Amino acid sequence: MSEGTEDGEDRPAVVTRGLGKSFGDVVAVRDLNLEIGRGVMYGLIGPNGSGKTTIIRILSGLLSASTGEAWLLGERVPARANRPRIGYMPQEMAIYTDLTVHENIDLFGEMYSIPAEERAEREDSLLAMIGLKERRDSLVSNLSGGMKHRVSLACALVHDPELVFLDEPTVGVDPELRKGFWDYFANLKARGKTVVLTTHYMDEAVRCDAVGMMRLGRMIAEGAPMELIESTESATLEDAFIAKAREESA
Ligand SMILES: Nc1ncnc2c1ncn2[C@@H]1O[C@H](COP(=O)(O)OP(=O)(O)O)[C@@H](O)[C@H]1O
Ligand SMILES: [Mg+2]
């Protein structure tokens with residue numbers, strides 16, 4: 001793997017080799033070897049505390065790894081040159097509460113130098129996806145927690161990134177809207193974008209092309225959801241997870 005920043009369309013969206021992170025005595029992630037191709041919808045799934053957020057934060061360049069290496073779109077992490085091509089929605093809220101919904105989305109678009117007309121178009125479709133068209137001019141501080149979370153998702157997508165990391169994008173989102181989210185992710189994928197998301201709702205992760213099952217910082221299984229379900233003779237992805245967890249600790 002080269003360390004250059006040349007694009008190389010042939011390079012996977014995400015590669016990690018022996019990636020690990022410890023916080024004192026806590027090993028949050030150990031020996032992670034990922035390879036996510038372009039145009040793939042990939043889900044990191046697992047219970048709270050299994051290391052999902054730590055992985056996303058390392059890949060996004062917010063946290064340095066204790067061991068191993070990672071590359072995004074062919075560029076070694078922290079992928080500075082590729083930054084405009086990457087989007088990130090953190091699990092914790094990262095938008096301005098003293099601005100309106102529109103001002104937030106527009107600000108993020110401006111930060112990435114998206115022309116005004118394009119920004120407005122994207123904002124329109126994003127507002128429809130997050131179900132907040134009517135709240136466009138509301139101050140974010142006046143929105144519910146779930147609504148703020150949705151605005152944060154729109155902000156992560158406004159520059160139409162090639163690769164996007166979404167940390168628990170559907171938490172606190174009601175079922176009807178959640179379906180809209182997944183349709184939107186499918187649409188990103190259909191346009192060749194790579195979507196890497198985390199979720200602890202295993203029922204919805206079946207919509208991913210591939211999932212990585214995280215448990216106690218370790219990836220215990222990886223593959224297409226249906227393959228994992230069938231190979232463990234399970235009824236659901238959640239059952240498959242339990243079966244894999246048992247295999248691992250046996
Ligand atoms: N900044 C931190 N300092 C200390 N421990 C942390 C920190 N961030 C995460 N951890 C620990 O690392 C483990 C994995 O956490 P996290 O990556 O947030 O998991 P998940 O996103 O799957 O819930 C947990 O045990 C958590 O307590
Ligand atoms: Mg998390």
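**Figure 1. Pairing of strands β10 and β11 in the predicted model.** Strand β10 (residues 210-215) and β11 are antiparallel partners over five bridges; two strands count as paired if DSSP finds at least two bridges between them. Within this pair, V211 stands opposite G223 of β11. Helices (H or I, at least four residues) and strands (E, at least two) are DSSP runs, numbered from the N terminus. The model is predicted: local features need pLDDT of at least 70, side-chain atom pairs count only at pLDDT 80 or more, and totals for chains, interfaces and linings use all residues. Residues are numbered from 1 along each chain as its sequence is written, and chains are lettered from A and ligands numbered from 1 in the order in which they are written.

**Figure 2. The largest nonpolar core and the surroundings of L72.** This core has 69 residues, and L59, L72 and A154 have the most contacts inside it. Helix α4 gives the most to the core, with six residues. A nonpolar core is a set of buried Ala, Val, Leu, Ile, Met, Phe, Trp, Tyr and Cys residues joined through C-beta atoms within 7 Å. Leaving aside neighbours within four places in sequence, L72 is in contact (C-beta atoms, placed from the backbone, within 7 Å) with A13, V14, L59, V77, A79, N82, I86 and L163.

Figure 3. Most residues other than glycine have a negative phi, and most peptide bonds are trans. V77 and P78 are joined by a cis peptide bond with omega of about 5°; P78 lies in the loop between β6 (75-76) and β7. S113, not a glycine, has a positive phi of about 55° and belongs to the loop between α2 (101-111) and α3 (116-130). S113 counts as exposed because it has 9 C-beta neighbours inside 10 Å. D160 has a positive phi near 50° and is placed in the loop between α4 (145-157) and β8. With 16 other C-beta atoms within 10 Å, D160 is partly exposed. By the criterion used, a residue is buried if 20 or more other C-beta atoms, placed from the backbone, lie within 10 Å of its own, exposed if 12 or fewer, and partly exposed in between.

Conventions
Two residues are in contact if their C-beta atoms, placed from the backbone, lie within 7 Å.
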